[in-house]
Amino acid sequence: MTKISKLEIILNRRAGNGESLRIWKTIKHFLKQNNIDFQIHTTQKNGDGIRIAKELADNLEPNAKILVLGGDGTLNQSVNGVKNSKNPNTPLAYIPAGSGNDFSRGIKLHHVKPLILLQNILSMKTPRPIDIGKAIFPEQTKYFVNNIGIGLDANTVYTTNHSKRKDFLNKMKLGTLAYVSSLVKVIKEQEAFPLTVTTDGSIKKFDQAYIVSATNHPYFGGGVAIDPLATPFDDKLDLVVVNKITGMTFIKLFSKLLTNGSHLQDENVWHTQAKSFTLSSLHDEYGQMDGEELTPQEFEINFEVSSHPFWLPVEK
Ligand SMILES: Nc1ncnc2c1ncn2[C@@H]1O[C@H](COP(=O)(O)OP(=O)(O)OP(=O)(O)O)[C@@H](O)[C@H]1O
């Protein structure tokens with residue numbers, strides 16, 4: 001079935017509150033039964049995914065494939081590790097095993113069973129290019145697979161990650177509810193902030209920005225479609241800016257967001273698609289990248305669409 005010599009597996013055992021370990025047991029059984037050579041590389045802490053992926057990409061045997069088993073955070077780290085290696089175009093295979101799994105939802109892989117996906121990955125001869133985002137900060141460059149958010153969305157990620165309810169609700173397979181319940185909590189706390197967007201030479205200023213999402217595909221927060229028009233196959237990034245609104249106006253907008261995606265047409269929402277744009281906010285704000293917290297800071301980010309080859313059976 002397979003022409004590969006070896007699978008180098010990056011495993012985050014903590015991803016998905018144990019879901020990754022359950023999937024790993026099934027996969028290990030399959031690999032052993034089919035005499036497929038593999039080596040497991042387990043992350044122990046934040047940042048290990050970057051280091052391991054870089055080392056693997058630096059030294060990968062011909063015909064070996066790197067397989068990432070974890071959530072969006074582990075995939076983000078693996079992409080960044082590979083991009084910083086001597087072989088930045090080393091393809092990555094991915095089996096989603098996190099709690100949010102927004103990347104797999106965004107590329108429409110969400111309902112594929114892990115063993116079916118594994119067999120597809122093993123039989124692929126050519127990797128598929130999928131858009132990713134490149135964020136150039138003043139002192140470093142980061143790649144993201146889902147989105148970078150500033151403001152309410154990021155504050156919500158921070159609050160969810162620090163909430164005891166997250167583990168409980170994830171165990172109940174209610175990860176989206178954990179996100180939404182944190183969102184309800186931070187709606188009152190999050191203040192509006194000034195934002196400048198530069199795209200294609202034109203400047204747009206917002207005095208009352210509240211949710212800012214530079215996104216590669218529709219989803220954040222474990223399935224909330226902040227940008228139903230975004231696709232990771234158009235060689236563009238999307239940007240959504242929502243102005244601070246309160247009361248019934250917010251509730252109406254929020255229900256559009258959660259139901260039919262018509263929030264993009266709302267007068268309080270601004271949306272664009274471009275190959276590159278710059279965001280600048282001279283105001284300390286929460287930030288998130290692929291569901292992981294960024295240190296609260298004044299943001300000055302140049303965004304560019306980029307691409308990475310993936311061993312993933314996806315179509316445009
Ligand atoms: N052994 C470990 N113990 C604790 N944390 C780890 C370990 N290995 C990796 N991590 C960290 O766990 C965090 C969460 O990982 P990941 O995003 O893959 O899972 P998730 O949060 O369940 O999924 P998703 O992002 O899709 O919701 C990442 O920041 C990663 O660096």
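**Entry 1. Helix H6**

I started with helix H6, residues 152–161, and found eight of its ten residues buried, so I noted H6 as mostly covered. A residue is buried if 20 or more other C-beta atoms lie within 10 Å of its own, exposed if 12 or fewer, and partly exposed in between, with C-beta atoms placed from the backbone. Helices (H or I, at least four residues) and strands (E, at least two) are DSSP runs, numbered from the N terminus. The buried residues of H6 are Leu-152, Asp-153, Ala-154, Asn-155, Thr-156, Val-157, Thr-159 and Thr-160.

I am working from a predicted model, where local features need pLDDT of at least 70, side-chain atom pairs count only at pLDDT 80 or more, and totals for chains, interfaces and linings use all residues. Residues are numbered from 1 along each chain as its sequence is written.

**Entry 2. Around the ligand**

I looked up the shell around the ligand and found 23 residues, of which Gly-71, Gly-73, Thr-74, Gly-98 and Gly-100 come nearest. Near here puts the C-beta atom of a residue, placed from the backbone, within 6 Å of the molecule or strand in question. Two elements give two or more residues to this shell, helix H2 (48–58) and helix H3 (72–83). H3 gives the most, with four residues.

By class, I noted one nonpolar, 16 polar and six charged residues in the shell. Ala, Val, Leu, Ile, Met, Phe, Trp, Tyr, Cys and Pro count as nonpolar, Asp, Glu, Lys and Arg as charged, and the others, Gly among them, as polar.

**Entry 3. The two domains**

I found the chain divided into domain 1 (6–125) and domain 2 (141–308); these bounds come from an automatic or database domain assignment. Taken over C-alpha atoms, the centres of domain 1 and domain 2 are separated by 26 Å. The contact between them takes 15 residues from domain 1 and 23 residues from domain 2. Two residues are in contact if their C-beta atoms, placed from the backbone, lie within 7 Å.

On the side of domain 1 that touches domain 2, H3 and helix H4 (102–106) each supply at least two residues. H3 has the largest share of that side, seven residues. I sorted this side of domain 1 by class and got four nonpolar, seven polar and four charged residues.

Strand S4 (92–96) is largely enclosed by the rest of the structure, because five of its five residues are buried. Leu-92, Tyr-94 and Pro-96 point one way from S4, while Ala-93 and Ile-95 point the other way. In a regular strand the side chains alternate between the two faces of the sheet.

Strand S3 (residues 64–70) runs parallel to S4 and is joined to S4 by five bridges. Two strands pair if DSSP finds at least two bridges between them. Gly-70 stands opposite Pro-96 in S4.

I then went to Asn-101, which lies in the loop between S4 and H4. Asn-101 is not a glycine, yet has a positive phi of about 50 degrees. Asn-101 counts as buried because 25 C-beta neighbours lie inside 10 Å.

**Entry 4. The S8 and S9 hairpin**

Asp-200 sits in the loop between strand S8 (193–199) and strand S9 (202–215). In this hairpin, with two residues between the strands, Asp-200 takes a positive phi near 50 degrees. Asp-200 counts as exposed because Asp-200 has 9 C-beta neighbours inside 10 Å.

S8 and S9 pair in the antiparallel sense over six bridges. Thr-198 has Ile-203 in S9 as its bridge partner. S8 is also joined by three bridges to strand S14 (residues 276–289), again antiparallel. There, Thr-198 stands opposite Thr-278.

**Entry 5. The nonpolar core**

The largest nonpolar core has 72 residues, and those with the most contacts inside it are Leu-67, Val-68, Leu-69, Leu-92, Ala-93 and Leu-279. A nonpolar core is a set of buried Ala, Val, Leu, Ile, Met, Phe, Trp, Tyr and Cys residues joined through C-beta atoms within 7 Å. Strand S15 (residues 292–311) gives the most to this core, with seven residues. Domain 1 and domain 2 each provide at least three of the core residues.

I listed the contacts of Leu-69, leaving aside neighbours within four places in sequence: Ile-9, Ile-10, Leu-11, Ser-20, Ile-23, Trp-24, Ile-95 and Ala-97.
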